[in-house]
Number of protein chains: 2
Amino acid sequence: MNSQQTIRLAVIDDDSGFVTVLGKRTEAAGWQQRTFAGPVPPEELVAMKLNALLVDPSVLGDDAWGYLERVCGMLPELGVIVCAGRSTVAQRVRGLRLGIDDWITKPCHPEEAIARVESVCRRRRRSRPQVEAGPLVAGELEIRSDRFQAFVAGASLDLTRREFELLQLLADASGQVLEREAIYQRVWGYAMAHGDRSVDVFIRKLRQKLEKASPGWSYIHTHFGVGYRFDPEPAVGSELPVAEKPIVEVSPPDTVEQLVV
Amino acid sequence: MNSQQTIRLAVIDDDSGFVTVLGKRTEAAGWQQRTFAGPVPPEELVAMKLNALLVDPSVLGDDAWGYLERVCGMLPELGVIVCAGRSTVAQRVRGLRLGIDDWITKPCHPEEAIARVESVCRRRRRSRPQVEAGPLVAGELEIRSDRFQAFVAGASLDLTRREFELLQLLADASGQVLEREAIYQRVWGYAMAHGDRSVDVFIRKLRQKLEKASPGWSYIHTHFGVGYRFDPEPAVGSELPVAEKPIVEVSPPDTVEQLVV
DNA sequence: GCGACCTGTGAAAATCCTGTGAACGCAGGG
DNA sequence: CCCTGCGTTCACAGGATTTTCACAGGTCGC
């Protein structure tokens, strides 16, 4: 849960060379990046839940200023970095006052662009405690990061800090199988020693508390030889006989991989 | 709300021409500016309660990087803008990763420098400036920021300055768990040293005074391993069963609802 | 069906965290 | 110069939480 949180970035630029190089670096850093060669309606940007937007105004057409203003207005939480060719002081000042977070001049080194995007995100995150994202609900569960607790029908599960962080991590990656190493790395913050069973132990504690508070549901599933997957499902052997769910397990393409971090 | 609140800026640079011009502009903008020709101990910067720092690393001497790192570490809330002469991409990237918020290259137009400082500071405002909002009431407590005091039934709790600030911070974030680091950062103004127990001690003092003035209520709750949460609740085994709680409270804590899905 | 591995459990042992009481150092007022 | 109010630091005690272990029970590939 440290600095290296994954960043969702959108790039609006038609300089394919620059964009490609940038893409490689961001991918290596574990960020999620989407690229566009022309203006994207602000509404769509909203839907992407971005952390930052890197844009070359030359591809925005005539109403570049208006577009930037609209984006900054609609998404005050979004970090906006302009990366433009020639520009005057007056233009840069206008942009910055308008709500832009940083203005880089091309040609620029991708590494610097990334560092600046990172800097902007860091600053924004600092100013906005993780209050936003309303409570995450799953099954009968309600996970509230503002209280470091999970609730079922209003009753707290009394999770300890570690338990909560583990649950939150799993729930955030809902549906995905996470390997033990990846889990340990992200919750404990450092590499897991060979043979460490801490993750298993905490999974058990979590399952116990979940079972007590919300019997009839199973939330955490074991994937033998791999890791764990969070996915709320009404218990099978329950009174409801049918409703099968052939359960394709392997689920969509987005299977595993991406642990890295 | 991003009103031009006055910005407190410190400039560390020995380029008298630049500094002078800058000073004129910031003054015109109503900012408070202090200028230094050499490195200033981070502790002194803390005492200045700055919003931003504009610094030319060439006047910092040999340990410029170390200095910047210390400043960024101690004052994570401070906006740090480096304004340097020649520099390489590697240097800029190093600075930005280190915690610098922006890196400008000299010669630069004062107007742009100001716009960038402004941009960096813009993010930091989130705490609503409800300075003059009516007194905040919680349980039997009345917190009056205009008096720097809290009262119960008209009687002052005799809080000291720190105690009051701590209480106010907690009450403003009512219902939310605040971590010690965050508390220390906001009340003391700089980063908490590892192992510092000041927050705990003040919490105890607060609890003592609250208990004496308003027995039967518990206001500050401990979240083991995390921090503290302010939330007025009538003590459990209390004689008054219910009916109390005029309280408008921010949220009916949990009104369940989810289930089913 | 048979080992070789994994994972689920319980409980003991080792750590970490918070509540407290008290000593210190400082600064302002008598 | 002494006294008093405040903020900081310490050290310790009692709990709460994490780790570590040894086993039992399951799963997988042959």
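Tutor: Gladly! Let us start at the DNA: helix 8 (198-213) of chain A and helix 8 (198-213) of chain B each supply at least two residues of the surface near DNA strand C. Keep in mind that this is a predicted model.

Student: Which classes of residue make up the surface near DNA strand C?

Tutor: Seven are charged, six nonpolar and four polar.

Student: How many residues does each chain bring to the contact between the chains?

Tutor: Chain A brings 31 residues and chain B brings 30. On the side of chain B that touches chain A, helix 4 (89-98) and helix 5 (110-122) of chain B each supply at least two residues. Helix 5 of chain B gives the most, with six residues. By class, that side has 13 nonpolar, eleven charged and six polar residues.

Student: How do you know that A:Leu53 touches A:Val71?

Tutor: Contact asks for C-beta atoms within 7 Å. A:Leu53 touches A:Val71 as well as A:Ala10, A:Leu45, A:Leu78 and A:Val80, leaving out residues up to four places away in sequence. A:Leu53 is also among the residues with the most contacts inside the largest nonpolar core, which has 63 residues. Another core lies apart from it, with 50 residues, including A:Phe164 and B:Val177.

Student: Why are strand 10 and strand 11 of chain B said to stand at the edges?

Tutor: The open sheet of three strands in chain B has the order 10-12-11, with antiparallel pairing. Strand 10 (177-179) and strand 11 (217-223) each have a single partner strand, so one side of each is left without a neighbour in the sheet. On average, neighbouring strands here are turned by 25° against each other, direction ignored.

Student: How do you know that strand 11 and strand 12 of chain B pair?

Tutor: Pairing needs at least two bridges, and six bridges join strand 11 of chain B to strand 12 (residues 227-234) of chain B. For B:His221, the bridge partner in strand 12 is B:Arg229.

Student: Which helix lies across strand 10 and strand 12 of chain B?

Tutor: Helix 7 (residues 180-188) of chain B does, running at about 75° to strand 10 of chain B.

Notes: Residues are numbered from 1 along each chain as its sequence is written. Chains are lettered from A and ligands numbered from 1 in the order in which they are written. This is a predicted model: local features need pLDDT of at least 70, side-chain atom pairs count only at pLDDT 80 or more; totals for chains, interfaces and linings use all residues. Helices (H or I, at least four residues) and strands (E, at least two) are DSSP runs, numbered from the N terminus. Ala, Val, Leu, Ile, Met, Phe, Trp, Tyr, Cys and Pro count as nonpolar, Asp, Glu, Lys and Arg as charged, and the others, Gly among them, as polar. Two residues are in contact if their C-beta atoms, placed from the backbone, lie within 7 Å. A nonpolar core is a set of buried Ala, Val, Leu, Ile, Met, Phe, Trp, Tyr and Cys residues joined through C-beta atoms within 7 Å. A residue is buried if 20 or more other C-beta atoms lie within 10 Å of its own, exposed if 12 or fewer, and partly exposed in between; C-beta atoms are placed from the backbone. Axes are lines fitted to C-alpha atoms, for helices over the stretch in contact, and angles run from 0 to 180 degrees between N-to-C directions.
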